[in-house]
Amino acid sequence: MATKDPTAVERANLLNMAKLSIKGLIESALSFGRTLDSDYPPLQQFFVVMEHCLKHGLKVRKSFLSYNKTIWGPLELVEKLYPEAEEIGASVRDLPGLKTPLGRARAWLRLALMQKKMADYLRCLIIQRDLLSEFYEYHALMMEEEGTVIVGLLVGLNVIDANLCVKGEDLDSQVGVIDFSMYLKNEDDIGNKERNVQIAAILDQKNYVEELNRQLNSTVSSLHSRVDSLEKSNTKLIEELAIAKNNIIKLQEENHQLRSENKLILMKTQQHLEVTKVDVETELQTYKHSRQELDEMYNEARKQLRDESQLRQDVENELAVQVSMKHEIELAMKLLEKDIHEKQDTLIGLRQQLEEVKAINIEMYQKMQGSEDSLQEKNEIIARLEEKTNKITVAMRQLEQSDNDLLTQTRTIAMSLVKCASSDTQDQYKLVKDISF
């Protein structure tokens, strides 16, 4: 059989001990009255188990005088991640009898249990595993899934009311030893299944009530915010109503002033009409007295009146024509203004397009300038390469010529050797022939 990972076995053991400790604490607290003090053995064993769980895989930190390995570092980190934990951190640091970081960590666990916030504090801590990696090894319980399970089990401790006196205890020198005898089952525990079922049902009901209470609190907060927004909108509408009332009062005053001015104008016109009526009556009397003398003048005036009436009719017709022309001119002006606005919009769009075209032209010119520079450089490189190629060609030709010269010289030497070697043996003649050809 393959050997198991020792760290995984340690994490499993600590998880099982945490389950037994939390379950035993809840069951005994429900039977005991749910209000616990510091001397309660299951509660002491719970703190010991939690201390072992938090110490698992803790890195050794090197200090100025010695090496330090304590759980106060990650617990102190909770203040930065959970703002409500600042109060508990300040309370722990203000306790007078604590001298070691381990004692502060033990006091922190006790205060968190009394606040019923231990699960919330540790949940926000295990979420930030990148920060926990500064304090724990990668295989530590707080870095693995077992830590998440333990944090979920800690939620059930909210049914317990703990009244712990942290100030008078000697938390620095306590020795945390797990008492396994409290968790060993005997035959009497088998008959308590119904009681455990009842306790589980009570806990489920309590958790349901707490969840319902949280939902109701969130609903109440949302309703409060909605009421605040409605009050703000109501005050705004009241202000707008007051402004509208003031405007109505001003309009009523202006209407009253216009009515008074209209009455004055009407009185003045009536007085003017009376004065003109009196004048007409006096003129009529004088006309009656001098009717005979004015017959000719009347005829002339009548004729002049006809002419003036005809002239007036012509003027009125011309005025109507002018009014119609004025309306047409106004309509034409409106159409012209509309056309001008449209042309201005078109001109603005054309200007924008012209600016874009200019920018594109400048960019193309810059690119063309860069391409021309690169083309010029490439032409220079090609010219250099052609020059080098010509030199290499001349050198190759020279080498071929020298090779041919050497070949001819070798052949002549070989021929002379053949002639000289005619009197030698057959093997020497063959060797010379092979060398020459």
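1. Buried means under 20% relative accessible area, exposed means over 50%, and partly exposed covers what is in between. By that cut-off glutamate 51 is buried, because its relative accessibility is 6%. The model discussed in this note is predicted.

2. An α-helix has 3.6 residues a turn, so residues three or four places apart point the same way. Lysine 55 counts as partly exposed because its relative accessibility is 33%, whereas glutamate 51, at 6%, counts as buried. The pair also belongs to a network of salt bridges that links Glu51, Lys55 and Arg106.

3. Helix 2 also holds cysteine 53. Is cysteine 53 buried or exposed? Cysteine 53 is buried, since its relative accessible area is 2%.

4. How many salt bridges does a search of the whole structure find? The search finds twelve. Side chains of opposite charge can pair when their charged atoms come close. One of the salt bridges joins the side chains of arginine 11 and glutamate 146, at 3.4 Å from N to O. Arginine 11 belongs to helix 1 (residues 6–32) and glutamate 146 to helix 9, so this pair ties together parts that are 135 residues apart in sequence. Arginine 11 is buried, because its relative accessible area is 10%.

5. Glutamate 146 leads on to helix 9. Which residues of helix 9 (residues 145–153) are buried? They are Glu146, Gly147, Ile150 and Val151. Seen down the axis of helix 9, these buried residues fall within an arc of 140 degrees, so they line one face of the helix.

6. Another salt bridge is formed by glutamate 76 and arginine 93, whose closest N and O atoms are 3.4 Å apart. Glutamate 76 is in helix 3 (residues 72–76) and arginine 93 is in helix 5 (residues 86–94), so the pair ties together parts 17 residues apart in sequence. Glutamate 76 is partly exposed, with a relative accessible area of 33%. Arginine 93 is also partly exposed, with a relative accessible area of 40%.

7. Helix 5 can be described by its two sides. Ile88, Gly89 and Val92 are buried in this helix. They cover an arc of only 100 degrees around the axis, which puts them on the same side of helix 5. The face turned away from that buried side carries the exposed residues Glu87 and Asp94.

8. Two loop residues deserve a look. Lysine 116 sits in the loop between helix 6 (101–115) and helix 7 (118–127). Its phi is near 60 degrees, a positive value in a residue other than glycine. Lysine 116 is partly exposed, because its relative accessible area is 32%. Serine 133 sits in the loop between helix 8 (129–132) and helix 9. With a relative accessibility of 28%, serine 133 counts as partly exposed. Serine 133 and methionine 143 are ten residues apart along the chain, and their C-alpha atoms are separated by 7.8 Å.

9. The last point concerns surface patches. Val321, Met325, Ile329, Met333, Leu336 and Ile340 form a nonpolar patch on the surface, and together they have about 520 Å² of accessible area. Isoleucine 340, one of these residues, lies in helix 11, residues 291–420. Isoleucine 340 is partly exposed because its relative accessibility is 38%. A patch of negative charge on the surface gathers Glu372, Asp373, Glu377 and Glu380. Aspartate 373 lies in helix 11. At 36% relative accessibility, aspartate 373 likewise counts as partly exposed.

Technical notes: Residues are numbered from 1 along each chain as its sequence is written. This is a predicted model: local features need pLDDT of at least 70, side-chain atom pairs count only at pLDDT 80 or more; totals for chains, interfaces and linings use all residues. Side-chain values use heavy atoms; hydrogens and water are left out. Patches are made of residues with over 30% relative accessible area and no salt bridge: like charges are joined within 9 Å, nonpolar side chains (Val, Leu, Ile, Met, Phe, Trp, Tyr) within 5 Å. Accessible areas come from the Shrake-Rupley method with a 1.4 Å probe; for residues, only the protein chains shown count as cover. A salt bridge is a side-chain nitrogen of Lys or Arg within 4 Å of a carboxyl oxygen of Asp or Glu. Helices (H or I, at least four residues) and strands (E, at least two) are DSSP runs, numbered from the N terminus. Buried means under 20% relative accessible area, exposed over 50%, partly exposed in between (1.4 Å probe, protein chains only). Lys and Arg count as positive and Asp and Glu as negative; His and the chain ends are not counted. The place of a charge is taken as NZ of Lys, CZ of Arg, CG of Asp or CD of Glu. The arc is that of the directions from the helix axis to the C-beta atoms.
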